Amino acid sequence: MARRRYHDGLALHQALPGRFLPFLVAAMSFLAALALAGGIAAHSLSQRWTHGAGAVTTVQVPAPDEPASRPAATGPSGPSSTRITVVLDLLATTPGVVSAHRLSDAELRALLAPWIEQAGGQALPLPAVIELRTLPGHNPAPDLLDRLQARAPGVMMEHDSVWSDRLAALARSLQGCALLAVLIVMTVAVCVVMAATRAGLQTRRQAIALIHALGASDGYISGRFASRVTLLALGGGLCGSVLALPMLLVMSQLAAPFTTLTDPAVTAPMDWHDPWDRIDALPHALLWMLLALPPAAGLTGWITTQMTVRAWLRRLP
């Protein structure tokens with residue numbers, strides 16, 4: 001069978017030369033890798049913004065040890081209730097609140113150390129600061145601040161949901177752009193394969209028509225062309241992934257401080273002489289994507305060629 005394939009007159013090396021098609025597929029794979037990397041980076045930033053600072057609300061309680069007010073509508077909390085106790089009790093019963101952590105004096109002074117040291121204000125009365133974490137995508141109740149101020153006047157609450165929501169929307173739009181870019185690249189790749197296959201069919205038109213008239217099936221001819229295009233596309237996709245790897249490593253190192261601000265292992269400078277250190281710097285999703293690009297290019301080439309050749313053979317007399 002193998003001997004017959006090389007003498008069936010198709011001459012696929014002439015019909016589909018291995019020069020331009022692998023180069024074009026490699027360029028498409030390179031662009032697809034960059035677009036997918038941008039989509040993965042946007043997803044990581046969105047997760048960081050949504051579950052990080054965007055999910056934290058800061059509550060400040062001035063004079064936390066003073067007695068809390070007791071409005072008649074709410075009812076008394078006991079004669080010994082302080083403002084901070086009332087606020088913590090109210091936050092603990094608020095829907096959507098995961099945790100309410102009051103910063104200790106050491107944490108608060110460490111947070112304000114630059115300003116306290118400069119002002120010499122060790123004796124300054126500091127408010128109690130509560131770090132409030134809510135469920136992802138769940139903002140504190142709109143009337144929460146009014147209820148807090150009713151029991152502890154002067155309470156301030158700051159939430160970064162507005163900016164985090166805007167940044168998350170920006171990340172989602174970037175993911176959409178990345179997906180659109182990938183679809184455009186795939187469309188262009190399909191058109192390139194179709195054009196190359198049609199050109200190859202026209203080059204060997206007489207030979208194909210002859211062996212088709214002698215009994216060669218559509219599946220045999222389309223399979224020969226599809227096998228040739230699959231090998232060329234697989235090689236082009238592999239070259240594109242390899243060429244994109246250095247650029248993705250540099251981009252991953254530059255984006256690391258924005259995705260993991262508190263992990264010193266990630267933000268530490270990369271050892272460019274250690275290949276495993278380079279590979280570990282890339283997100284696992286990106287590595288799997290790079291590994292999947294060559295088979296995806298080969299599969300796209302195989303399907304496109306099969307459809308193109310079979311459609312062309314149906315028009316033969």
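I count two strands as paired if DSSP finds at least two bridges between them. Helices (H or I, at least four residues) and strands (E, at least two) are DSSP runs, numbered from the N terminus.

**Ground rules.** I am working with a predicted model, where local features need pLDDT of at least 70, side-chain atom pairs count only at pLDDT 80 or more, and totals for chains, interfaces and linings use all residues. Residues are numbered from 1 along each chain as its sequence is written, and side-chain values use heavy atoms, with hydrogens and water left out.

**Entry: the sheet.** I started with the pair β1 (residues 56-61) and β3 (residues 128-134), which run antiparallel over 6 bridges. Here V56 sits opposite R133 of β3. I then looked at T58, which faces E131 in β3 and has E158 as its bridge partner in β4. Strands β1 and β4 are also antiparallel, over 4 bridges.

Next I wrote down the whole arrangement: 4 strands make an open, antiparallel sheet in the order β2-β3-β1-β4. The edges are β2 (97-102) and β4 (156-159); each has a single partner strand, so one side of each has no neighbour in the sheet. From one strand to the next, the twist averages 20°. For angles I use axes that are lines fitted to C-alpha atoms, for helices over the stretch in contact, with values from 0 to 180 degrees between N-to-C directions.

I also checked what packs on this sheet. Helix α4 (residues 83-92) does, touching β1, β2 and β3, and its direction makes about 0° with that of β3. Contact here means heavy atoms within 4.5 Å.

**Entry: V61.** Is V61 buried or exposed? V61 belongs to strand β1, and it counts as buried because its relative accessibility is 0%. My cut-offs are under 20% relative accessible area for buried, over 50% for exposed and partly exposed in between (1.4 Å probe, protein chains only). Setting aside neighbours within four places in sequence, V61 contacts R83, I84, V87, P127, A128, I130 and V155. I also noted M156, which is 95 residues from V61 along the chain, with the two C-alpha atoms 6.8 Å apart.

**Entry: nonpolar cores.** I define a nonpolar core as a set of buried Ala, Val, Leu, Ile, Met, Phe, Trp, Tyr and Cys residues joined through side-chain atoms within 4.5 Å. The largest one has 22 residues, and I208, I221, F225 and L313 touch the most other members. Two or more residues come from each of α2 (12-15), α3 (20-51), α8 (161-203), α9 (205-213), α10 and α13 (284-314). The top contributor is α10, with 6 residues. Not counting residues up to four places away in sequence, I208 touches L10, L201, I221, F225, W312 and L313. Apart from this core lies another, of 15 residues, including A33, A189, L286 and M289.

**Entry: T230.** I found T230 in helix α10 (residues 218-259). What does its side chain reach? It comes to 2.6 Å from the backbone oxygen of A226. Beyond neighbours within four places in sequence, T230 is in contact with G298 and W302.

**Entry: cysteines.** How many disulfides are there? My search of the whole structure gave 0, with a disulfide taken as a pair of cysteine sulfur atoms within 2.5 Å.

Notes:
A polar contact is a pair of N or O atoms within 3.5 Å; within protein, one must be able to donate a hydrogen and the other to accept it, and residues adjacent in sequence count only if both atoms are side-chain atoms.
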